[in-house]
Amino acid sequence: MSKFSVLSKVRKEFITSFLDKGKRVDGRDFMEYRHIEAETNVVENAEGSALVRLGTTQIIAGLKVEIVEPFPQEPDRGIMITNAELLPLASENFEPGPPDERTIEFARVVDRGIRSAEVVDLSKYYIDEGKVLGFFVDLYVLDYGGNLFDAGTLAAALALKTARLPKIENGELIRGEYSGGLDLDINKLPTSTTFTKIGDNIILDPNVDEEMAYDSQLVVTVNDDYVVAMQKRGTGSFKKSEVLNLVDKSFEKRKDLKKLYG
Amino acid sequence: MGGDSNIELIKDGKRLDGRGFDDFRKPLTLEVGVLQEADGSAYIEWGMNKILVGVFGPKEAIPKHLADPDKATIRCIYTMSTFASLEEHGRMGPNRRANEIGKVVREALENVVMVEKFPSTIIDVYMMVLQAEGGTRVASLTGAAAALINAGIPMREPIAGVAVGKAGGHVLLDIGKEEDNYGQADVPMAFTPSGDIVLLQMDGMMTREEIAKALDMAQEGSKKLFDLQRKAFEKEYAEPLGKKLSLKEEESKVDIHKL
């Protein structure tokens with residue numbers, strides 16, 4: 001039986017009683033991130049890739065570029081899709097099989113952040129009638145130590161930031177030959193901050209135990225100027241004032257996270 | 001296989017990438033204990049192949065019908081990332097090829113894992129190919145054996161595998177992607193140190209003599225892989241425990257006097 005189901009109640013009480021005393025089980029401040037590091041171009045066959053380590057969480061993102069048909073409603077724009085898989089090797093709690101709602105939510109929230117921030121100007125990637133460039137960013141969770149959303153957004157953004165575009169000749173991609181990058185504006189690249197509410201306490205960057213104990217979470221994704229995605233998760237709730245406060249915190253934390261983008 | 005024979009796979013006694021006939025690709029590195037959540041793990045880089053293996057168990061068999069009262073059930077799942085190859089964007093999810101690889105690797109592992117010690121349990125072996133350059137099944141198997149040992153699961157012997165192929169009329173150790181695509185045969189094999197063959201597949205055309213040579217070559221090659229596995233463990237367990245756990249320590253900095 002999964003350790004999460006057995007221990008979750010006991011752990012939750014333990015973690016909550018700690019938080020009520022102003023402490024976190026791993027000794028961090030409430031609004032403190034764990035150690036974050038990123039490696040880019042880790043999969044040379046991909047057009048862009050990044051491995052992000054956030055505490056013990058490890059997520060790899062890879063970008064593949066394809067010539068595809070555009071969406072019918074936007075025939076003159078390239079397309080971009082972010083997808084994700086929570087690999088069962090990352091946690092006892094992840095099952096093999098078709099993506100569950102948690103996986104889909106994760107992929108969609110990261111996707112919304114990247115897409116809404118208008119990081120990639122898709123109008124530049126029209127090739128010919130019925131032919132546009134498609135950008136496929138796929139995330140794989142390799143080790144689950146809590147807080148997938150923040151690590152996932154960093155990994156996806158870095159894979160795009162460091163991408164190389166394949167050469168295009170006569171409407172065909174030349175694989176393995178590149179014609180420069182996507183030339184992204186770092187100020188637009190989103191950063192995500194996941195706030196977790198346990199009882200009345202709100203903490204940043206939950207570790208795996210804290211994430212198991214959560215009542216509700218608020219994922220706030222911002223770039224320099226805008227909030228570009230939000231997702232409230234879990235059965236608990238937030239007050240208006242809490243949401244606004246967390247939006248402020250998200251912009252504040254972005255200053256540190258953004259350093260990973262160079 | 002048997003494709004465009006105009007591609008010159010062997011030139012002046014050397015292979016496309018400059019290797020001799022019985023050389024492995026480079027790099028060839030193996031690390032164990034690379035994942036926090038898995039009970040055992042390994043990361044192998046073999047040429048451009050980059051493969052991560054995680055092992056969970058032995059644990060309670062769910063669903064229940066998978067439980068065998070005489071032994072542990074091993075489940076092996078092989079997955080390739082959508083960006084593993086230089087070509088098109090791959091599809092997520094299982095496919096027939098991945099399914100078959102899971103099966104033959106599982107059967108190889110069942111030969112050496114002491115499954116009888118853990119009746120009614122499940123051992124999950126997840127092999128994740130982050131980047132692929134041919135020979136991923138044998139590289140995954142070599143990593144899986146290391147990950148199982150890292151998980152503390154008793155095995156009678158380790159196993160390790162390598163693909164021998166025929167290209168440009170020669171029998172070659174550790175065939176790469178081009179040699180496989182344009183060559184005449186591909187024979188992935190896995191051995192135990194005592195010489196038992198626990199995985200053997202073949203695709204292409206080879207004479208009996210060439211098969212004999214391939215078997216010898218693969219067994220000789222497997223010795224290098226057993227060395228690789230042993231060195232990974234020497235490195236893993238030679239490090240002071242504190243250093244090895246540094247990430248975890250940082251994660252769980254609890255001062256019990258402050259509680």
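This is a predicted model: local features need pLDDT of at least 70, side-chain atom pairs count only at pLDDT 80 or more; totals for chains, interfaces and linings use all residues.
R175(A) sits in strand β8, residues 172–178 of chain A, while E66(A) sits in strand β3, residues 57–68 of that chain, so the pair ties together parts that lie 109 residues apart in sequence. E66(A), for its part, has a relative accessible area of 14% and is therefore buried. Over all chains, the count comes to 42 salt bridges.

Let me step back to chain A as a whole. Its secondary structure comes to five helices and twelve strands, and its C-alpha atoms fill a box of roughly 65 × 40 × 35 Å, taken along the principal axes. For 262 residues, a compact globule would have a radius of gyration near 18 Å, and the 19 Å of chain A agrees with that. Buried residues make up 55% of the 262 residues in this chain. If we take the contacts in chain A between residues at least 6 apart in sequence, 68% of them join residues at least 24 apart.

L19(A) is found in helix α1, which covers residues 3–20 of chain A, and with a relative accessibility of 2% L19(A) counts as buried. Which residues does L19(A) touch, not counting those up to four places away in sequence? They are R24(A), F30(A), I198(A), N201(A) and I203(A).

A polar contact of 3.2 Å joins the side chain of T191(A) to that of R254(A). Leaving out residues up to four places away in sequence, T191(A) touches a set of residues that includes T153(A), V220(A), T221(A) and V222(A), and also R254(A), L257(A), K258(A) and Y261(A).

R15(B) forms a salt bridge with E179(B), the closest N and O atoms being 2.8 Å apart. Since R15(B) lies in strand β2, residues 14–15 of chain B, and E179(B) in helix α3, residues 177–182 of chain B, this pair ties together parts that are 164 residues apart in sequence. R15(B) counts as buried at 3% relative accessibility, and E179(B) counts as buried at 3% as well.

In another salt bridge, the side chains of K59(B) and D124(B) meet at 3.2 Å, N to O. Here K59(B) belongs to strand β5, residues 49–60 of chain B, and D124(B) to strand β7, residues 121–131 of chain B, so the parts tied together are 65 residues apart in sequence. K59(B) is partly exposed at 22% relative accessibility, whereas D124(B) is buried at 1%. Salt bridges that share partners also join R15(B), D17(B), R19(B), R25(B), E133(B), D174(B) and E179(B) into one network.

How many of the 15 residues of α2(B) are buried? The number is 14, and the helix is mostly covered. At 1.5 Å a residue, the 15 residues of this helix, 136–150 of chain B, should span 21 Å, and the end C-alpha atoms are 20 Å apart, which agrees. The helix is followed by G152(B), whose phi is positive, near 80°.

I finish with a pair of strands in chain B. Strand β10, residues 185–191, and strand β11, residues 197–200, pair in the antiparallel sense over three bridges, and F191(B) has I197(B) in β11(B) as its bridge partner. The two strands form a hairpin with five residues between them, and in the turn G195(B) has a positive phi of about 100°.

Conventions. Residues are numbered from 1 along each chain as its sequence is written. Chains are lettered from A and ligands numbered from 1 in the order in which they are written. Side-chain values use heavy atoms; hydrogens and water are left out. Helices (H or I, at least four residues) and strands (E, at least two) are DSSP runs, numbered from the N terminus. Buried means under 20% relative accessible area, exposed over 50%, partly exposed in between (1.4 Å probe, protein chains only). Contact means heavy atoms within 4.5 Å. The expected span of a helix is 1.5 Å times one less than its number of residues. A salt bridge is a side-chain nitrogen of Lys or Arg within 4 Å of a carboxyl oxygen of Asp or Glu. A polar contact is a pair of N or O atoms within 3.5 Å; within protein, one must be able to donate a hydrogen and the other to accept it, and residues adjacent in sequence count only if both atoms are side-chain atoms. Two strands pair if DSSP finds at least two bridges between them. The radius of gyration is taken over C-alpha atoms; the globule rule is 2.2 Å times the number of residues to the power 0.38.
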